[in-house]
Amino acid sequence: MKPLDIPAYSAYLPESLLEMLWADAEAVAGVEGLRVSAGLREHYPDVETDEALKFACDLYDQVKGRLADVLESRVRDREFMDRVTLSCVKENEELDYTSPHYRTVLGEKDQSGRVVVGPLEQTEAAAPVEIPEFLVGDQVTLFGPPDTAKMSINAMNALNRISPDEPAIVRELVEAAGQVPRWGADNEDSKTPIMASFLDACQNLMACFDGTIRFEDQQRGKTYELDEEGLSKPIKRIPGLALPDGSHLLNGNPLPLHLYDFATHLWHNRARKEALVFYVPKLENEEEAGYLRNLIERAERMIQAVEPGYELGTIKLFIVFENPRAIFRIREIAAVLHPHFLGGSLGWHDFLASAARLFKHDPRYRIPVKADPNIVINHIRESHRILVRALEPLGAIRIGGMYGVLFEEGNEKSYEVSMVGYVRDVTTQLKRGLNGFWVAHPAFVRTGLAMVEAWRRGPEVVTELVKALVPNEAEHGPLLDFVFSEDAAGLDPQDPGYLRSVLAASVEVSDVIANDDPEEVRYNVFQALQYVCDWLCGNGCVALPATMTNGQGESVFVRIMDDLATTERSRWELWAEVAHGRVTHESFEKILRQEIAFIRAGEDAANKRIQVAWKGEAAKWYPVAAALLHQLVTDPEPMEFATELLMPFTFDMIREATDPMAAVQKLAPGRYQGWVV
């Protein structure tokens, strides 16, 4: 097989797998050299049209060289960052971890004089941002995948989801604000990248924009359709640059998954300006932004050729600044992407996972523990402030991160502890000058809009709203004290430790629980194991039960919305503890076996509940999930992204195998350890 146009994609799709995918795929008569996985065009004729596929392939031919260069640059930069970090270990041995002389890769230059990670010495000026009229307003964004018509309709109708016991002040504030939520229609971390689900999502979003989406629930005798007013505004999040699409092969080459998803959506929605707004994740620097701008400009010129009335610059972008390299280059990225750039958000789970990967060879680095309920308040402070300082002068939109602590239905204490956390999280972000945030469930949409409106009106209204949302008087004093207190103090940007504090990389020992504490290890294993299994089952996000402590010191059950980003930060926390000897291989394996046994027994404990049960399809995938998690945690040279190991399991020839792990081991000898419980 000839070398791939984009060599980096071989890390995800071994050559033998690509050969099988090519052999099993069907040729597309209207697009020379293109093969598509069997059955896709038959099942999705309105999406997989000859015209849409030709558009995607022609666009790929124009940008593939530049994309290959960008991804190859990532490889070189990783090698540089690892080499420098290793060289710093000896130098830092006698220093206190918080010493201003503690050396890291931040600010270091490669042989060409590039600062690989850290701010540039000279900042490029960025042009003011013009916000389209349809996106002006509060940026309260529900995030979730558009996989099914029912989920899509519920997301579109989120504003009109009114709880029977909703406080009157919430209704008053929501109506007075006159705002509608956004919907981050996610084709990235909350989705298993099985091509059928991408095509379902494309189909569902097309129907959302033209108003025809509808779902008949035969079992419940209920019809789901769009409300007449108050509909959310969908914003599609495409995959990152690194993932290949093994279901669309052009002359043996996988199309880039982000390009296929972007091009297909663009082609079918080219006449709808409101549809051409995208979230772009995992961008790392202004060089990658240059590739993205080139992609957009070429795509728009191709659209204009078939739609003469199409206006160049219609495509708009939100960048998810979730990488330790990108956070220092916000203004540069904004400048490169003008006039497409609208603003940015900070996905903090991926941000922490990427920082952990950056410092993986520093034995003294600790990622903030997963059990810490105040990560956003204490550890994402400096990155939020950088986002605001960079974007506010441009008039750009500034969005925080995700609140994903869900309450159990009918459990008053669970609702209370969830809402206390939500109030703290939202008010912290508003204090920092952010004008939006993400939520993981429709139940938070109306309260989020009400909180933003109350914040505009002032302390008296905020107090009234907080007391209505959290009726327990015992919580009022501490919660209101927090809401009206100054934000946590941070370092001056001129402080020698500032750059590390931006990356939450300046805390050697957590004041919540040690990273190597068996209970922290167990929590990470229990959650990650369930998530990876559910991902393999085809579900990219799942609300996993967990406990939090309320104001009275009671342990209360909540549900934590996990996606691939939360699992990445878990496995990097585990990897560092094992790799640097704070947790032995034997201890990790013992805990892993215990958690497998607990899940397999299927009996909840007083303080621990199973969400992804060991039955049905999950019974097939749990042994695979355990083997993959074991490899991700114990491999001395771990995959940068878990998807490098996971991607082959998205294809039918592997999914339908009696023993999927044996199937991938046969395709890629030596790649999968195949640990057995």
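1. In which hand of crossing does α18 pass α20? The crossing of α18 past α20 is right-handed; a crossing counts as right-handed if the near helix is turned clockwise from the far one by less than a right angle, and as left-handed if anticlockwise. The model is a predicted one, in which local features need pLDDT of at least 70 and side-chain atom pairs count only at pLDDT 80 or more, while totals for chains, interfaces and linings use all residues. Residues are numbered from 1 along each chain as its sequence is written, and side-chain values use heavy atoms, with hydrogens and water left out.

2. Helix α18 covers residues 518–537 and helix α20 covers residues 585–601, and the two pack at an angle of about 50° with their axes 10 Å apart. Helices are DSSP runs of H or I with at least four residues, strands are runs of E with at least two, and both are numbered from the N terminus. Axes are lines fitted to C-alpha atoms, for helices over the stretch in contact, and angles run from 0 to 180 degrees between N-to-C directions. α18 and α20 are therefore oblique to each other, given that angles under 35 degrees count as roughly parallel, over 145 as roughly antiparallel, 65 to 115 as roughly perpendicular and the rest as oblique.

3. Contact here means heavy atoms within 4.5 Å. On the α18 side the contact is made by Pro518, Val521, Arg522, Val525, Phe526, Leu529 and Gln530, and on the α20 side by Phe588, Ile591, Leu592, Gln594, Glu595, Ile596, Phe598 and Ile599. Eleven of these residues are nonpolar, two polar and two charged. In this scheme Ala, Val, Leu, Ile, Met, Phe, Trp, Tyr, Cys and Pro count as nonpolar, Asp, Glu, Lys and Arg as charged, and the others, Gly among them, as polar.

4. Helices α3 and α7 (residues 257–268) pack at an angle of about 140°, their axes lying 9 Å apart. They are therefore oblique to each other, and α3 passes α7 in a right-handed crossing. Among the residues that meet are Phe55, Leu59 and Val63 in α3 and Phe262, Ala263 and Trp267 in α7. The contact of α3 with α7 has 14 nonpolar, two polar and one charged residues.

5. Ala52 lies in helix α3 (residues 50–92). At 1% relative accessibility, Ala52 counts as buried, the term for under 20% relative accessible area, with exposed over 50% and partly exposed in between (1.4 Å probe, protein chains only). Its C-alpha atom is 7.6 Å from that of Ala263, 211 residues apart along the chain. Leaving aside neighbours within four places in sequence, Ala52 is in contact with Val47, Trp267 and His268.

6. Helix α9 (residues 330–337) has seven of its eight residues buried, so it is largely enclosed by the rest of the structure. Glu332 is one of the buried residues, which also include Ile330 and Val336. The buried residues of α9 pack against α8 (286–306), β11 (316–320), β12 (341–345) and α12 (381–391).

7. In helix α1 (residues 15–24), the buried residues are Leu17, Leu18 and Leu21. Seen down the axis of α1, they fall within an arc of 100°, so they line one face of the helix; the arc is that of the directions from the helix axis to the C-beta atoms. They pack against β8 (244–250), β9 (253–256), α23 (652–655) and α24 (660–667).
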